[in-house]
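Opening the notebook on a new model. I'll go through it topic by topic and write down what I look up.

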Amino acid sequence: MKKLSKTQQELLDSMMAGVRVISCHDMGYPGETSYYIRSDTNTLCTSAANALIKKELVDKIRISSRQHLLRIKN
């Protein structure tokens, strides 16, 4: 497994426990992801989420034309 920081590991563990991570967009940047939010605490987790995407540990699942959520890869 790829080396994860403490924050990245905590987010991945939370996602395994059922926490959803959803993309949110700024009004000025249509079509681009501006940040990610955790469903359990409603706090930002953009840096950790982007790291998990880059390390190919999660997939983006489209839920609307402007939003997606992250899912742990099998």
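This is a predicted model: local features need pLDDT of at least 70, side-chain atom pairs count only at pLDDT 80 or more; totals for chains, interfaces and linings use all residues.

**Entry 1: cysteines.** Before I start, the cut-off I need: a disulfide is a pair of cysteine sulfur atoms within 2.5 Å. How far is the sulfur of Cys45 from the closest cysteine sulfur? I get 9.3 Å, to Cys24, which is too far for a bond. I looked from the other end too, and for Cys24 the closest cysteine sulfur is in Cys45, at 9.3 Å. I then searched the whole structure and came back with zero disulfides. As for burial, Cys45 counts as buried at 8% relative accessibility, and Cys24 counts as buried at 15%.

**Entry 2: layout.** I listed the secondary structure next. The protein chain has two helices and four strands, and read from the N terminus the order is α-β-β-α-β-β. Of its 74 residues, 32% count as buried. I asked for the accessible surface and got about 5000 Å², with 51% of that belonging to carbon and sulfur atoms. I also checked contacts between residues at least 6 apart in sequence: 43% of them join residues at least 24 apart.

**Entry 3: the helix pair.** I describe two packed helices by the angle between their axes and the distance between the axes. For H1 and H2 (residues 46-54), the axes come within 9 Å and cross at roughly 80°. The two helices are therefore roughly perpendicular to each other. Which residues of H1 meet H2? I find Thr7, Gln8, Leu11, Leu12 and Met15 on the H1 side, and Ala48, Ala49, Ala51 and Leu52 on the H2 side.

**Entry 4: salt bridges, Arg38 and Glu10.** A search of the whole structure gives me four salt bridges. I started with Arg38 and Glu10, whose closest N and O atoms are 2.8 Å apart. This pair links distant parts of the chain, with Arg38 in strand S2 (residues 35-38) and Glu10 in helix H1 (residues 6-16), 28 residues apart. Is Arg38 buried or exposed? It counts as buried, at 8% relative accessibility, whereas Glu10 counts as partly exposed at 38%.

**Entry 5: salt bridges, Asp59.** I moved on to Asp59, which forms a salt bridge with Arg71, the closest N and O atoms being 3.6 Å apart. Again the pair links distant parts of the chain: Asp59 is in strand S3 (residues 58-62) and Arg71 is in strand S4 (residues 68-72), 12 residues apart. I have Arg71 as partly exposed at 45% relative accessibility, and Asp59 as partly exposed at 23%. Asp59 also meets the side chain of Lys73 in a salt bridge, at 3.7 Å from N to O. Lys73 sits in the segment after S4 and Asp59 in S3, so this pair ties together parts that are 14 residues apart in sequence. Lys73 is partly exposed too, with a relative accessible area of 34%.

**Entry 6: the loop between S2 and H2.** I picked out Thr43, which lies in the loop between S2 and H2. At 38% relative accessibility, Thr43 counts as partly exposed. What does Thr43 touch, leaving out residues up to four places away in sequence? I get Tyr36, Ile37 and Arg38. I also took a C-alpha distance from Thr43 to Val21: the two are 22 residues apart along the chain, and the atoms are separated by 9.9 Å.

**Entry 7: backbone phi.** Most residues other than glycine have a negative phi, so I noted the exceptions I came across. Asn42 is not a glycine, yet has a positive phi of about 55°. Asn42 lies in the loop between S2 and H2 and is exposed, with a relative accessible area of 60%. Glu56 is not a glycine either, and its phi is positive at about 60°. Where does Glu56 lie? I place Glu56 in the loop between H2 and S3, exposed, with a relative accessible area of 51%.

Notes. Residues are numbered from 1 along each chain as its sequence is written. Side-chain values use heavy atoms; hydrogens and water are left out. Buried means under 20% relative accessible area, exposed over 50%, partly exposed in between (1.4 Å probe, protein chains only). Contact means heavy atoms within 4.5 Å. Accessible areas come from the Shrake-Rupley method with a 1.4 Å probe; for residues, only the protein chains shown count as cover. Axes are lines fitted to C-alpha atoms, for helices over the stretch in contact, and angles run from 0 to 180 degrees between N-to-C directions. Angles under 35 degrees count as roughly parallel, over 145 as roughly antiparallel, 65 to 115 as roughly perpendicular and the rest as oblique.
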